[in-house]
Amino acid sequence: MTKDKDFKKLVRTRMTETGENYTTARTALVAANQGSGSNSDSRSESVIAPEIARFRAKTLKTFMPDGHIVAIPTKRRALVLVLIEVLAALDPDQVYAEKRLNGILGDFHPDFALLRRELIDYRLLERNAHTGEYWVNPNPPTHTGSQAQEIAGLEVFLR
């Protein structure tokens with residue numbers, strides 16, 4: 001937890017404006033600081049980056065030791081990270097037929113339908129329900145509510 005009172009004020013202001021919880025608002029502000037090159041909260045940046053890196057390494061070692069999913073994570077945050085890794089296998093400039101997408105997802109785990117549904121639910125993939133076509137969402141949305149908590153800090157792994 002930060003001891004910087006000015007930064008806490010910024011976080012609480014953002015919480016009031018957006019309705020986000022403290023962790024989500026703080027993560028968004030730190031990410032904005034990193035993007036702008038500002039070093040006003042370097043202490044927070046140095047705490048978050050290694051924490052996320054450790055979480056990623058541990059999660060991938062546990063659930064994707066050989067690049068294939070050995071078990072679907074029950075914790076949503078770990079699942080989001082696994083989904084981001086799966087998403088990296090898809091070409092962002094290509095439109096996929098459902099059968100082809102199922103084949104690609106099936107290479108990661110036999111329950112390709114679950115992976116496809118979760119990618120759609122997190123809006124990392126878009127689909128046309130009439131034609132059965134899927135594509136990588138070029139502009140993943142800002143998540144709200146519980147999804148914002150689950151994906152907070154992991155956005156750096158999205159393209």
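Trainee: At roughly what angle do the axes of helix H4 and helix H6 cross?

Mentor: Axes are lines fitted to C-alpha atoms, for helices over the stretch in contact, with angles from 0 to 180 degrees between N-to-C directions. Helices are DSSP runs (H or I, at least four residues), numbered from the N terminus. Here the axes of H4 (residues 76–87) and H6 (residues 112–121) cross at roughly 100 degrees and come within 10 Å. H4 is therefore roughly perpendicular to H6, a term for 65 to 115 degrees. This is a predicted model, with local features needing pLDDT of at least 70 and side-chain atom pairs counting only at pLDDT 80 or more, while totals for chains, interfaces and linings use all residues. Residues are numbered from 1 along each chain as its sequence is written, and side-chain values use heavy atoms, leaving out hydrogens and water.

Trainee: Which residues of H4 and H6 meet?

Mentor: Contact means heavy atoms within 4.5 Å. Arg76, Leu79, Leu83, Val86 and Leu87 of H4 meet Leu115, Glu118 and Leu119 of H6.

Trainee: Is Glu150 buried or exposed?

Mentor: Buried means under 20% relative accessible area (1.4 Å probe, protein chains only). A salt bridge puts a side-chain nitrogen of Lys or Arg within 4 Å of a carboxyl oxygen of Asp or Glu. Glu150, in helix H7 (residues 145–151), is buried without a salt bridge, and Arg76, its nearest side chain of opposite charge, is 4.3 Å away. Beyond neighbours within four places in sequence, Glu150 contacts Arg76, Arg77, Val80 and Tyr122.

Trainee: Why does Asn102 count as buried?

Mentor: Asn102 counts as buried because its relative accessibility is 15%. Asn102 lies in helix H5 (residues 98–108).

Conventions
Helices (H or I, at least four residues) and strands (E, at least two) are DSSP runs, numbered from the N terminus. Buried means under 20% relative accessible area, exposed over 50%, partly exposed in between (1.4 Å probe, protein chains only). Lys and Arg count as positive and Asp and Glu as negative; His and the chain ends are not counted. Angles under 35 degrees count as roughly parallel, over 145 as roughly antiparallel, 65 to 115 as roughly perpendicular and the rest as oblique.
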